[in-house]
Amino acid sequence: MKKQRTLQEEQYRQAQKKRNLEAWTMAAFAMSIMGLPLSCLGIIPFIFVDILEFVLGVRGLKSSHRGMAIATIVISLISAVMIAAVNLIYLFRVAA
């Protein structure tokens, strides 16, 4: 009886872990969509949001929302490049 309970508890824990992972993947995707226009402002602290999106996207590759995780990774990389480009353009304009 105890073994059966522990097996059921383990299955419940695994299902809960999978749901949490899927929820974090969807949250990362939403953050990346909202963060893409904000990256055009070139504000340096947004790079930390991009890093968080990237990490959550990589973790989401193990979930059933794999396509959403890949899109999150791509969008976060594009955002990071845009932040770097805007800051470099600003830097060269100020220096000139």
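Trainee: Which residues form a nonpolar patch on the surface?

Mentor: Phe48, Ile51, Phe54, Val55, Val58 and Leu77 form it, with about 540 Å² of accessible area together. A patch takes residues with over 30% relative accessible area and no salt bridge; nonpolar side chains (Val, Leu, Ile, Met, Phe, Trp, Tyr) are joined within 5 Å, like charges within 9 Å. A salt bridge is a side-chain nitrogen of Lys or Arg within 4 Å of a carboxyl oxygen of Asp or Glu. Areas come from the Shrake-Rupley method with a 1.4 Å probe; for residues, only the protein chains shown count as cover.

This is a predicted model: local features need pLDDT of at least 70, and side-chain atom pairs count only at pLDDT 80 or more, while totals for chains, interfaces and linings use all residues. Residues are numbered from 1 along each chain, and side-chain values use heavy atoms, without hydrogens and water.

Trainee: Which helix gives the most to the patch?

Mentor: Helix H2 (residues 46–59), with five residues. Helices (H or I, at least four residues) are DSSP runs, numbered from the N terminus.

Trainee: Why is phenylalanine 48 called exposed?

Mentor: Exposed means over 50% relative accessible area, buried under 20%, partly exposed in between. Phenylalanine 48 has 58%, so it is exposed.

Trainee: Why does threonine 72 count as buried?

Mentor: Its relative accessibility is 0%, so it counts as buried. Threonine 72 is found in helix H3 (residues 66–95). Leaving aside neighbours within four places in sequence, its contacts (heavy atoms within 4.5 Å) include Phe29 and Glu53.

Trainee: What makes glutamine 8 partly exposed?

Mentor: Its relative accessibility is 45%, so glutamine 8 counts as partly exposed.

Key: Helix = DSSP H or I, 4+ residues; strand = E, 2+ residues; numbered from the N terminus. Buried < 20%, exposed > 50% of the residue type's maximum accessible area, 1.4 Å probe, protein only.
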